[in-house]
Amino acid sequence: MLSAGAESLLRQAREIQDEELEKFCSRVSQLLRREDPGPDAAQALRRLFLIVSATKYNRKLEKTCVDSLQTTLLRPSCPEQLQLLCAAILRETAPCHSLSLPWGHIQNTRQLSLVASVLLAQGDRAQEVGSVGQRVFKVLESRQPEGPSLRPLLPVVAKVASLAPGSLHEGQINLLNRRLVDWLRYASLQQGPAHPPGGFFSTPRARQPGPVTEVDGAVATDFFTVLSVGQRFTEDQWLNVQAFSMLRAWLWRGGPEGPGALDADDKSELEGSALSVLTAASAASRPLHPQEQLREKAFEYCQRLLEQSTRRALRRGDADLQKACLVEAVLVLDVLCRQEPSFLCRTLSCLKALRTRLCADPACVRALLPLAQFFLNHGDAAAVDAEATCQHVFTRVPSEFFHSPMLAFEFVQFCRDNLPLLGRNLSTLRLSFPSLFKLLAWNSPPLTAEVAALLPWLADAGTAAEMLHALLDLPCLTAALDLQLRLSPAASASEGPLWDASIRAPGCLEALRDPQLQALFQHLLRAKASGTVESLAPLHQLLQPMAGSARVLQCAAAVPALLQAFFAAVAQFADGALTDQLARLLLERSDALYQVPGYAARVHRVLSSQFLALCKQHPPLVVELAKELLEFVGSGRGVRSGGHMLTSVVWAVGEYLSVSWDRRCTVDQINKFFEALEALLFEVTQSRPSATLPKCPPQLIATLMTTLTKLASRSQDLIPRVSLFLSKIRTLAQGPAMGSLGCREDAGAIGTRATELLNLLKMPSVAQFVLTPSVGLSEPRYHRDTNTALPLALRTVSRLVEKEAGLLPG
C-alpha cells in the first residue's frame with residue numbers, strides 16, 4: 001500500500017490538465033536551455049516523469065519540450081542524472097512521431113545505451129531495431145580492453161535479440177557467444193582495487209585487493225559467479241553478473257536455431273538415449289562451435305550456482321540472492337536440455353538431489369516451480385515421473401505460502417502454462433483445487449481472471465458440487481486464512497503482520513478451541529478435495545466479526561465472475577444427474593452464505609440466472625425437484641434475500657411444469673404449486689413490509705401472476721380463482737392505497753400486467769396456446785414473424801377483447 005503522501009502526488013499527476021501541463025513543459029524547456037541546469041532542472045524532470053507515467057494513456061508533450069529533452073540527452077557534457085531522466089520521459093511518451101535522435105556518431109556506451117532504449121521503445125520504425133543492433137555490435141567488435149565499459153550495451157543487445165532476432169547475422173551471434181563465454185567463465189577472482197583515500201597514513205599494503213569469497217565466508221577457489229562476494233568488483237566481474245542476467249534470454253532467442261529449436265517434442269526420441277551419449281563424446285573430440293561453447297560454459301556456471309546454493313549465507317541479502325539464482329539456474333538448465341539433449345543425463349543427478357533438498361526446505365519453495373517445470377518437460381525422455389513433484393507443489397505451496405503475492409501469481413501461471421504437459425497429472429491438479437482456492441481467496445483481485453481461465457480444466461463431474469460449495473464459501477475462506485495467520489508462530493515472528501491489523505478478533509481465536517468448530521475449520525482449510533460437504537453455518541457465525549475486512553470484501557466482489565466461469569465450464573459436460581445435484585445445491589445455498597456486505601445480493605443474481613440455465617438445459621428438473629421447490633416457495637426466504645432466486649424459481653415453474661416438457665407432470669402437482677404460489681402472492685401483496693417480510697420486488701409480483709395464469713391454463717378448474725385474484729390486484733394497483741405494490745409507476749405496471757392476463761383468460765384455449773406453447777412454437781421465429789401462429793393468435797384475442805369495453809382498463 002502507498003503512503004498518503006505518495007497517493008496525493010499520484011492523484012495530482014493524474015488530474016493535471018493539458019493547459020497546466022503545457023505551461024510546465026515550457027518551464028522545463030527553459031531550465032534545460034541553461035548552460036548549467038542545476039538541481040531545479042532535475043526536480044522538474046522528476047515531476048514531468050511522474051506526470052507522463054502516472055496514467056495509462058500517453059500524455060502529449062509540446063514539440064519544443066521534446067526537442068529540449070532530445071538535445072539534453074545528446075549533449076555529451078550533460079550530467080548523467082539529467083540524461084537518465086530525459087530518456088525515461090521519452091520512453092514513456094513513445095511512440096513520438098516528432099522524435100529525431102542522430103545516434104550514429106555517439107561513442108560513449110552509456111549515452112548510446114540510453115538513446116537506444118528510447119529508439120527501441122518507439123517500435124520498429126523503418127527497421128530501426130535492426131539498425132540499433134548493428135550499431136551496438138559495431139561497438140562490440142571495435143572495443144579494446146582499455147576502452148569504455150560494455151555493460152550499458154548488454155541490455156540493448158538482449159532487447160534487440162528479443163524484438164528482431166533475424167536482424168543479427170551469424171558472425172555477430174558468434175562474437176557475442178565468445179564474449180559471453182569469456183565473461184561467464186574467466187572473470188577475475190580478485191576484488192577490485194579500493195580508491196586511494198590519500199593522506200599521510202595511506203600505505204600500498206592497505207590498498208591491495210583481496211580475493212572474493214563465498215556466501216559463507218570461505219575464500220573462493222573456483223571461478224567467479226554472481227554469488228561470489230566481494231567489497232569491490234572489477235569490470236569483468238560486473239560483466240559476469242550482467243552476462244548471467246541475460247543468458248537465458250540469449251540462449252532462447254539469440255541462437256541461430258531460434259525459438260523453434262527449443263521444441264522438446266522434436267528431440268524427444270534423442271533425449272536420454274544412447275545417441276545423446278555418442279553425441280556428447282564426439283563433441284569432446286572436436287573444436288566446439290561458439291554456440292556449443294556458450295552452452296557448455298553456461299552448464300558449468302549453473303552447476304557452480306547449484307553448489308553455491310548449498311552454502312549457508314552469512315547475510316540475509318545473500319540468502320535471498322541464493323534463492324533467486326537457484327531459480328534462474330534451473331530455468332537455464334531447462335533451456336540447455338531442450339536445446340541440447342546431451343546435457344540431460346548430466347543434469348538429472350544433481351536436480352534429483354536438489355528436489356530432495358527443496359522439498360525439505362520451505363525457504364527455497366520458489367525454486368520448486370521451475371524444478372517441477374523441468375521434470376514435466378523432460379520426465380518422459382529421462383524416464384523420471386514428475387507426479388510426486390507436482391503433487392508436492394500442488395498441495396504444499398498454496399497451503400503454506402498463500403500469503404506470498406509473487407509466489408501465488410507464479411503458481412497460477414505455472415498451472416496455466418503447463419496444462420498441456422500435465423497429462424495424467426491433471427487429476428492431481430483437479431483434486432488440489434482447495435489449495436488453489438487459498439491463493440485466490442487471499443489474492444483475489446489480481447488472480448481472479450487467471451483462476452477463472454483454469455476452471456474449465458479443474459471442474460469435472462466428480463468435484464463440481466464440492467467446487468461450487470468452495471466458490472460460495474470463498475470469502476469465508478479468506479477470513480479463515482486471516483485467522484490461521486494470526487495463530488501461526490512463523491507469521492507472528494515476521495517483520496509485520498500479514499493479516500488485517502485493523503480487525504480485532506479475540507473472540508474468534510477463543511472460539512476455535514471448540515472441537516466441533518476446529519473440525520469445520522480444518523475442513524475449510526483442507527488441501528485436497530475430500531468428496532464431502534460440511535455445513536459451515538457455525539463457522540460463518542464465528543467469523544462474522546471479520547466480514548468487514550478489506551481483503552474479505554475484495555474476495556467477495558470476485559465471486560460472481562468466478563461463478564459465471566464455473567457454470568460455463570460445467571455446462572460442457574453436465575448430465576441430468578449433475579444438473580439435478582447443482583440445482584438442489586443452489587436452492588440450499590441461496591440463504592446459507594457468509595454475511596459480507598452486498599455479497600448475498602450479487603451472488604443471488606448469478607445463482608438465479610444459472611438456475612434458469614440449468615432448467616433450460618434439463619427441463620424435467622422442475623418435476624424432479626418438485627418437493628424442494630415447494631419447500632423453497634413455501635418458506636418465503638427468497639423474499640427476504642432480495643427475490644432474485646425466488647423470481648427465477650417461480651418463472652421456471654411456470655415455464656417447465658407442463659406435460660409438454662415432462663410426461664411425469666400431473667394435475668395434482670400443478671394444483672400443489674398453484675396453491676403454494678397463490679399463498680405467496682397473497683402474502684406479499686396484502687401484508688405490509690416489515691423487518692421479517694421486506695418490500696416485495698415488483699418483478700416477483702409480475703412473475704407470480706404470470707405463473708399462476710400459466711398453471712390455470714393447464715388446469716382450467718383454477719381459472720376462476722386466478723381471475724378473481726387478478727381482479728383484486730388490478731383494483732389495488734388502481735386505487736389510492738397501493739399497499740406493498742411499490743411506487744405509482746410499479747403499481748401501474750402490475751395493474752397493466754393483471755389486465756392483460758385477465759383478458760387472455762377469457763379464452764382458455766387461446767391462453768393455453770399462448771402461455772404454454774409447444775417446443776416448436778418456442779423458437780424465435782414464431783415471435784418475430786407476424787404471419788406465424790403465435791402473433792396471429794395474439795392479434796385475434798386483442799380484437800375480440802376490444803369489442804367488450806368492460807374488459808378494457810380505465
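Q: In which helix is S117 found?
A: S117 is found in helix α6, residues 109–121; a helix here is a DSSP run of H or I with at least four residues, numbered from the N terminus. This is a predicted model, in which local features need pLDDT of at least 70 and side-chain atom pairs count only at pLDDT 80 or more, while totals for chains, interfaces and linings use all residues. Residues are numbered from 1 along each chain as its sequence is written, and side-chain values use heavy atoms, with hydrogens and water left out.

Q: What makes the link between the side chains of S117 and R91 a polar contact?
A: The term requires a pair of N or O atoms within 3.5 Å, where within protein one must be able to donate a hydrogen and the other to accept it, and residues adjacent in sequence count only if both atoms are side-chain atoms. The side chains of S117 and R91 are joined at 2.9 Å, so the pair falls within the 3.5 Å limit.

Q: How do you know that the span of α17 is close to the expected one?
A: The expected span is 1.5 Å times one less than the number of residues. Helix α17 (residues 405–417) has 13 residues, and its first and last C-alpha are 18 Å apart, close to the 18 Å expected.

Q: Why are the buried residues of α17 said to line one face?
A: L407, A408, F411, V412, F414 and C415 are buried (under 20% relative accessible area with a 1.4 Å probe, protein chains only; exposed is over 50%). Seen down the axis, the buried residues fall within an arc of 155°, so they line one face of α17; the arc is taken from the directions from the helix axis to the C-beta atoms. On the other side, P405 and D417 are exposed.

Methods: Helix = DSSP H or I, 4+ residues; strand = E, 2+ residues; numbered from the N terminus.
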